[in-house]
Amino acid sequence: MHALDPLPRSVLTRKAVVYVRQSSPGQARVNLESQRRQYDLVDLARLHGFETVDVIDDDLGVSASGMVARPGFERLVAGLCAGDIGAVLCFDASRVARNGRDWHHIVELCGLVEARVIDHDGVYDPRHPNDRLLLGMKGTISEFELGVLRARMHDARSSKAARGELRIPVPIGYVWDRQIGLGFDPDVRVQEAVRQIFARFRELGTGRQVLLALAQEEVSFPRPSDGRTMISFDWIPIRYRNVMSVLKNPFYAGAYAYGKTERRTEIVDGRARKSYGSRKPMEEWEVLLKNHHEGYIDWEEFERNQALIVTNTYGKAGGTKSGRGGRALLAGLLSCARCGRKLAVHYSGRPPGRLTYRCNRRRGELGVECCFAFGGVSVDAAIAEEILRTVEPMAIEASLKAEQTRVEQQHERERVVELDLQQARYDASLAERRYAACDPDNRLIAAQLEKAWEATLQRVQACEARLDAMRSTEPPTVVPDLAGLAGDLRAAWNAPGVSMRARQRLVRALIADIIVDVDDEAREVVLTIHWRGGQHSRLRVKKRRNGQHGHGTSEEALAVIRSMAGRWSDDHIAASLNRMGIPTGYGNGWTARRVAGTRRKRGIRAYHSSETDADWRTMTEAAKELGVSNHVIRSLIKDGVLPAEQLVPCAPWQIRAEDLRSEKVANALSQKKAPRRASCEGQMSMFSDS
């Protein structure tokens, strides 16, 4: 139909609808001329004779690709189905729909209700074949045009990204410079915040521990002020997502990565919906250019970090689990030599329970008996002893290295606080200048500026206090004497302040895996240790029998009891064991009752006192028999006059009964008034006998 041909009365009695749409919020905000031309269609509708004209502009800034819901388009369809619309006015076919399904749906509905489609080129009646063909071609051309434009833009973007020249958004710590291109953020404080995360991850090995360490030191992390651009930052307490986003981003390793995510389409309520940001594996990234720019770390360290992060993932199949504390030193390190599965940790009995390593994966998967199980305390102790034996030759070198690392970390922490203080002083100076430039009579603004100035001054004081506290707690730099350090490794390992998490981390730093089997005939646990350096060693640990616990009396204590029993009372034996620092199997002190119980259990003969005509006397019994004090007996023993024996160091002296009646002892006791001195043969007296 020609644009100037009059419309039927049946069409003009209904209302005309002007459909206004733009594809994106940016177009709706900036491209105002397109909006004006679409709103001008109201005058075109009145020119054709319509008295009632409605404008549907609910879809401004909404794409017409068919992937998102359009409330304005749904209103248009509802009005056509109700028969209230006589004409649909649009700027062109692309304004109504960019996909053939929606466009042909509108054309079909207009043909059913005898409505017209009007644009600047003419008036179309979908009932006529020629008009219907022309409308179909316009819709197809609009859809094809969108595809061509999208393909060209995507190809150009991919081509530029393949050269590493596409200016993609960069993470915190980098900026795009107009002259030199990509480089570090000029703010040194931002750089140090990023470097601190990598330095702590090298030391601690887990993102969670990095967060806890930095949070304890009150380290802040920058966040863009508007949430997107990197022009200005707000410094907030560091969060876990900040740590992980830095550790997982290959950009910090000097790699230019493009196409790390993909778009996925699914049908929701009969409409195609697209989701963005679905991550792809590294091997499927579109572009990965290594050594593209200067990185905070190298690519090898980035790969090690990713492998360690995957290993730390709790419940992840494969790999060695990270040290998470608890009571089991080797949790996640033991593998079964029979089925190859990882051994699980079990606790039985009342809390805290008995620690047991058990290979029972097959029972849950196949319903068969478990391969084996054994107590974990003795195995953990054997592995700890093996590690200490291996580390002892390198103890001094490792300690010097640890001290050097500690000093470097202390300096890094001080540098971070110094940068915070420098920034706080600048902010305070800026706030002071703003307050000084304000008109004092304008109290509304002056009061706010004064408040901001006071806040910055308080921040300066807080930073100065942190720096002073950090420097005051730093010990003087003195090279310690580490000559006897190798012998103190066991004391350091068993120190109360050393957590199980720290011991687990040390074990995992030295041992890659441990293959375990049980020798049922010898009742031994066979451990094949795979060290990190590629070496292997085998260790056999005695497997306890059923009902046997790990709190038995030590062989050293049993040797003392066996040597002293029969000559000394249980009280004397208990006192000797306590003086020697030998505890019971449960770590308690000795009493006569505990010594007696151990003797009866081991079949050790009891003490025979002097009242039963025994051949031996104690110091007290000897003093009583000779009628002197214990001090006199001790002096006689010291001077060599009275022979005596000690079965073990710190044990009571044992004196034979026949030695008490010797002539030498009698002569020494007869000299009551003269001082008793040790006789020295061949020495002349200073005084004569006369």
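Me: What is pLDDT, and what is its mean for the protein?
Reply: pLDDT is the predictor's confidence in each residue, from 0 to 100. The mean for the protein is 79, and 83% of its residues reach 70 or more. This is a predicted model: local features need pLDDT of at least 70, side-chain atom pairs count only at pLDDT 80 or more, and totals for chains, interfaces and linings use all residues. Residues are numbered from 1 along each chain as its sequence is written, and side-chain values use heavy atoms, with hydrogens and water left out.

Me: Where is confidence lowest and where highest?
Reply: First, the naming: helices (H or I, at least four residues) and strands (E, at least two) are DSSP runs, numbered from the N terminus. Confidence is lowest in helix H13 (residues 361–366), at a mean of 62. It is highest in H11, at 92. Over residues 477–486, pLDDT stays under 50. For that stretch the model has 9 contacts beyond four places in sequence, where contact means heavy atoms within 4.5 Å.

Me: How do I read strand pairing around S3?
Reply: Strands of a sheet pair through backbone hydrogen bonds, either parallel or antiparallel. Here, two strands pair if DSSP finds at least two bridges between them. Strand S1 (residues 15–22) is joined to S3 by 4 bridges, and the two run parallel. Val-18 has Leu-89 in S3 as its bridge partner. S3 is also joined to strand S4 (residues 116–119), by 3 bridges and again in parallel. There, Ala-87 stands opposite Arg-116 in S4.

Me: Why is S3 largely enclosed?
Reply: Buried means under 20% relative accessible area, exposed over 50%, and partly exposed in between (1.4 Å probe, protein chains only). In S3 (residues 85–89), 5 of the 5 residues are buried, so the strand is largely enclosed by the rest of the structure.

Me: How many disulfides does the structure hold?
Reply: A disulfide is a pair of cysteine sulfur atoms within 2.5 Å. The structure holds 0. Take Cys-90: its sulfur is 9.2 Å from the closest cysteine sulfur, in Cys-110, too far for a bond. Cys-90 is buried, with a relative accessible area of 2%. Cys-81 is exposed, at 55%.

Me: At what angle do H9 and H11 pack?
Reply: Two packed helices are described by the angle between their axes and the distance between the axes. Axes are lines fitted to C-alpha atoms, for helices over the stretch in contact, and angles run from 0 to 180 degrees between N-to-C directions. H9 and H11 pack at about 80°, with their axes 10 Å apart. That makes H9 roughly perpendicular to H11. Angles under 35 degrees count as roughly parallel, over 145 as roughly antiparallel, 65 to 115 as roughly perpendicular and the rest as oblique. Val-194, Ile-197, Phe-198 and Phe-201 of H9 meet Asn-242, Val-243, Val-246 and Leu-247 of H11.

Me: Which residues of H11 are buried, and what covers them?
Reply: In H11 (residues 240–248), the buried residues are Asn-242, Val-243, Met-244, Val-246 and Leu-247. Their cover includes helix H9 (188–204), helix H10 (207–216) and strand S8 (220–224).

Me: What is the strand order in the open sheet of 4 strands?
Reply: The order is S14-S18-S19-S20, with mixed pairing. Strand S14 (334–336) and strand S20 (536–542) are the edges, each pairing on one side only. The twist averages 30° from one strand to the next. Strand S18 (residues 511–519) and strand S19 (residues 524–531) run antiparallel, joined by 8 bridges. Helix H18 (residues 500–510) lies across S18 and S19, at about 95° to S18.
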